[in-house]
Amino acid sequence: MGMFDYVHMIIKCPRCGEKVSGFQSKSGDCCLRTLEFWEVDYFYSDCEKCECYIQFEIKENVRKKLPISAYKMNSYSEFVPYKGHVGEKEHNPEDFIMKKR
Ligand SMILES: [Zn+2]
């Protein structure tokens, strides 16, 4: 396990104009993967030239609440070694949800 993830982003420093990359975030699963900015809630880096700290943070209420119909639901009858889950059957989630929030 790592301590953070990298975020793929290159910008111009808002203070001195130098190229800034090396963005990181602790908002994801922190496995030292390289993520896209829209996968994390915040990310940050330092400008190597003027040493200013730059942080991006997602604005409130922009993550959309989705209905269950936006998800594909499948069940699998069996797990076969080296093959994975087999016997796929697709369902309409609306028919199976017992408790809605
Ligand atoms: Zn700078």
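1. Tyr44 has Gln55 as its bridge partner in strand S7. The model is predicted, and this pair belongs to the antiparallel pairing of S6 (residues 42-46) with S7, which are joined by 5 bridges. Asp46 is also placed across from S7, where it stands opposite Tyr53.

2. The hairpin of S6 and S7 has 6 residues between the strands. One of the residues to check there is Glu51, which takes a positive phi near 65 degrees.

3. Which residues of S6 sit on its covered face, and which on its uncovered one? Phe43 and Ser45 are on the covered face; Tyr42, Tyr44 and Asp46 are on the uncovered one. In a regular strand, side chains alternate between the two faces of the sheet.

4. S7 spans residues 53-57, and the count of buried residues among its 5 residues is 0.

5. Leaving aside residues up to four places away in sequence, Phe43 touches Val7, Met9, Phe23, Gln24, Ser25, Phe37 and Phe56.

6. Leu32 deserves a look at the backbone: it is not a glycine, yet its phi is positive, at about 55 degrees. Its place is the loop between strand S4 (23-25) and strand S5 (34-35). Is Leu32 buried or exposed? Leu32 counts as exposed because it has 12 C-beta neighbours inside 10 Å, and a residue with 12 or fewer is classed that way.

7. Tyr82 is another non-glycine residue with a positive phi, here of about 70 degrees. It lies in the loop between strand S8 (73-80) and strand S9 (84-91). With 4 C-beta neighbours inside 10 Å, Tyr82 counts as exposed.

8. What secondary structure does the chain hold? There are 9 strands and 0 helices, and read along the sequence the pattern is β-β-β-β-β-β-β-β-β.

9. The domain assignment gives domain 1 as 5-57 and domain 2 as 64-101. Their C-alpha centres lie 36 Å apart.

10. For the overall dimensions, the C-alpha trace spans about 60 × 35 × 20 Å along its principal axes. The radius of gyration of the chain is 21 Å, whereas a compact globule of 101 residues would have one near 13 Å.

11. Of the 101 residues, 11% count as buried. Of the contacts with a separation of 6 or more, 41% come from residues 24 or more positions apart.

Methods: Residues are numbered from 1 along each chain as its sequence is written. This is a predicted model: local features need pLDDT of at least 70, side-chain atom pairs count only at pLDDT 80 or more; totals for chains, interfaces and linings use all residues. Two residues are in contact if their C-beta atoms, placed from the backbone, lie within 7 Å. A residue is buried if 20 or more other C-beta atoms lie within 10 Å of its own, exposed if 12 or fewer, and partly exposed in between; C-beta atoms are placed from the backbone. Helices (H or I, at least four residues) and strands (E, at least two) are DSSP runs, numbered from the N terminus. Two strands pair if DSSP finds at least two bridges between them. Domain bounds come from an automatic or database domain assignment. The radius of gyration is taken over C-alpha atoms; the globule rule is 2.2 Å times the number of residues to the power 0.38.
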